[in-house]
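Here is a walk through one model, written for someone who wants to look at it while reading. Keep the viewer open and follow along.

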Amino acid sequence: MTDNGQPRRHGGTPTSAEVAESLAARRRAERGERRRSPDAPPERHLDDTEAKRSERVIATWFIVAFLAGVAFLVLYWIFPAGGPINAGVSNKLLGGCLTLILMSLAIGVMLWVKRLMPNKEMVDERHEFRSSDEDRREFGEYFVDTAESTQITKRPLLRRTLLLAAAPLGLLPLWLLRDMGPLPKKDMFTQPWRKGMRMVLAGTQDSDSPRLLKLTDITDFGSAISAVPEGITDFNQIATAALLVIRLRPDEIQGTRRGALQRKASVNGICAFSKICTHAGCPISLYQQRTHELLCPCHQSTFDMSDGAKVVFGPAVRPLPQLPITVDKDGYLVANAKYFINGPVGPSFWERGPDRNTNG
Ligand code: FES
């Protein structure tokens with residue numbers, strides 16, 4: 001029980017002796033009497049020289065925490081987690097620094113409480129909902145009294161070094177935002193195809209003699225092959241630029257608005273669509289010749305390749321982009337624009353905006 005008769009926070013059913021003590025304490029509190037707990041340790045009286053020495057020791061721990069925080073920031077910059085070896089080194093160094101920060105802070109605060117603050121008995125009063133005005137006033141006094149007990153106002157060195165030690169901790173979350181990677185900027189809207197670029201049979205672009213595709217190479221109606229731009233060997237660029245080139249009979253392309261656009265962007269029924277699914281970016285090649293449908297193996301989005309690659313089933317929400325193509329004077333199939341119809345290549349993203357033909 002507290003001196004003013006309020007129950008302390010502890011578990012279990014009070015014994016009869018505790019109940020009697022509680023009632024007695026309440027009566028004492030009502031009479032305005034206070035007494036020290038018999039279990040309370042003797043009050044400590046600080047010797048000024050000893051207090052100064054403790055203050056310096058505590059401040060040293062706070063400075064150690066600050067230096068460890070700075071080391072964390074610097075090491076994070078020096079060892080970016082770009083690979084398993086770097087990540088391993090980086091994790092150990094950063095974890096070590098973080099441990100040192102928290103440990104130094106904990107030791108500093110513990111010494112502060114142990115060596116500088118008076119060891120008087122603290123009473124934790126229980127309140128229900130809003131406290132009475134009197135309790136609130138008392139709390140204010142208690143708060144000021146406690147603040148004075150910590151000597152935080154009297155000891156600017158401790159106050160400042162504590163704030164200094166905590167400052168890197170406040171910065172760490174912002175610093176770690178770097179892990180979110182570089183902003184994509186215009187990357188989501190760009191791809192390597194440019195007007196006049198020739199098509200190469202996918203898989204031969206790295207060989208000594210890349211197989212350039214000619215109009216006469218795709219003679220069968222219903223055939224489907226993969227193609228990439230000539231001269232592009234970078235893996236990431238090829239992944240963006242991969243095409244599925246299919247040939248339809250001109251009368252198989254539907255008479256819809258999409259079909260009209262598809263026909264305009266094709267040559268002799270040969271159409272070039274992006275192979276990257278507009279749902280989540282899987283590469284698609286499962287072409288069903290008789291139904292003109294292209295099926296994505298990941299989540300079964302199905303595109304009608306005779307109607308501008310319109311989505312007829314599955315979670316994709318927009319058609320596959322189509323690259324306008326033509327034939328150059330030597331008979332090679334080439335891009336006829338630097339953009340795709342139906343918007344950017346790849347999965348949809350929230351800032352893509354309405355479909356547009358700017359993809360270059
Ligand atoms: S990635 Fe093609 S349907 Fe999901």
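Five strands line up as an open sheet in the order E1-E2-E3-E4-E9, with antiparallel pairing; strands pair here if DSSP finds at least two bridges between them. Helices (H or I, at least four residues) and strands (E, at least two) are DSSP runs, numbered from the N terminus. E1 and strand E9 (322-323) are the edges, each with a single partner strand, so one side of each has no neighbour in the sheet.

This is a predicted model, in which local features need pLDDT of at least 70 and side-chain atom pairs count only at pLDDT 80 or more, while totals for chains, interfaces and linings use all residues. Residues are numbered from 1 along each chain as its sequence is written.

Is isoleucine 246 buried or exposed? It's buried, with 24 other C-beta atoms within 10 Å. For the cut-offs, buried takes 20 or more other C-beta atoms within 10 Å of a residue's own, exposed 12 or fewer, and partly exposed is in between, with C-beta atoms placed from the backbone. Leaving aside neighbours within four places in sequence, isoleucine 246 is in contact (C-beta atoms within 7 Å) with Ser223, Ala224, Cys271, Tyr287 and Met305. Aspartate 220 is 26 residues away from isoleucine 246 in sequence, yet their C-alpha atoms are 9.4 Å apart.

Now for the cores. A nonpolar core is a set of buried Ala, Val, Leu, Ile, Met, Phe, Trp, Tyr and Cys residues joined through C-beta atoms within 7 Å. The largest has 42 residues, and Ala227, Leu243, Val245, Ala272, Phe273 and Ile325 touch the most other members. Strands E1 (199-201), E2 (224-229), E3, E4 (270-274) and E11 (333-335) each give two or more residues to this core. A second, separate core has 16 residues, including Phe66, Cys97, Leu105 and Leu158.

Leu158 also turns up in helix H5 (residues 156-176), where Leu158, Thr161, Leu162, Ala165 and Pro168 are buried. H5 has 21 residues and reaches 31 Å from first C-alpha to last, close to the 30 Å expected, that being 1.5 Å times one less than its number of residues.

Notes:
Contact = placed C-beta atoms within 7 Å.
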